[in-house]
Amino acid sequence: MIQKQITPADIENQELKSLYQTAFPEEEQIPWTDLMRLVEQMPLDFTAYYDSEEFIGFTIVYPRPSFNWFWYFAVREELRGKGYGQEILTSLIKRHDGKPFILDMESPDQPCDNMEQRVRRHSFYKRNGFRDTNVYRSFDGITYTIMMRGEGKFTKDDYDEIIEDLRRFWQPE
């Protein structure tokens, strides 16, 4: 799999932008131009993945002093279930080895229209060594489960610190 580091120069990449805008609910998205500005201003690891010339997906990781925040992870819908997500996650874990990973995902325990997707996603992360932290956050009526891979513990204060850092660089309108 080919990996390409994404920079603000890639703002016109329609494959990336389209996947970002379709893979995540609108309320979970930062406007594309703001996201690309954050890529320039923050130490974000924004990586696109290709199988030869074919665009597969992308990840955005925010490396923190004591853990890596696994912010966004998307594989093109028609390529899901073909092992690409596993391959991407495995390479990402190797690349950021040494620090725990933290992610938030829509809770599989909250009634919703995409329950099957949430349960599959939660199972995928659990198979890959992530565990529930028993920390939950709610935004716009959606409950998020915080998961962790690696040693240690993660608290609500840790999550609030991530959000506070993000808000130093970006304020929603």
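R64 is buried, with a relative accessible area of 5% (buried means under 20% relative accessible area, exposed over 50%, and partly exposed in between, with a 1.4 Å probe and protein chains only). This is a predicted model, in which local features need pLDDT of at least 70 and side-chain atom pairs count only at pLDDT 80 or more, while totals for chains, interfaces and linings use all residues. Residues are numbered from 1 along each chain as its sequence is written, and side-chain values use heavy atoms, with hydrogens and water left out.

**Pairs of R64**
- The side chains of R64 and D165 meet in a salt bridge at 2.1 Å, N to O, a term for a side-chain nitrogen of Lys or Arg within 4 Å of a carboxyl oxygen of Asp or Glu.
- This pair links distant parts of the chain, since R64 lies in the loop between β3 and β4 and D165 in helix α5, 101 residues apart; helices (H or I, at least four residues) and strands (E, at least two) are DSSP runs, numbered from the N terminus.
- D165 counts as buried at 13% relative accessibility.
- R64 also forms a salt bridge with E161, where the closest N and O atoms are 2.8 Å apart.
- E161 is partly exposed, with a relative accessible area of 43%.
- A network of salt bridges links R64, E161, D165 and R168.

**Whole protein**
- The structure holds 13 salt bridges.
- The protein has five helices and seven strands.
- Of its 173 residues, 48% count as buried.
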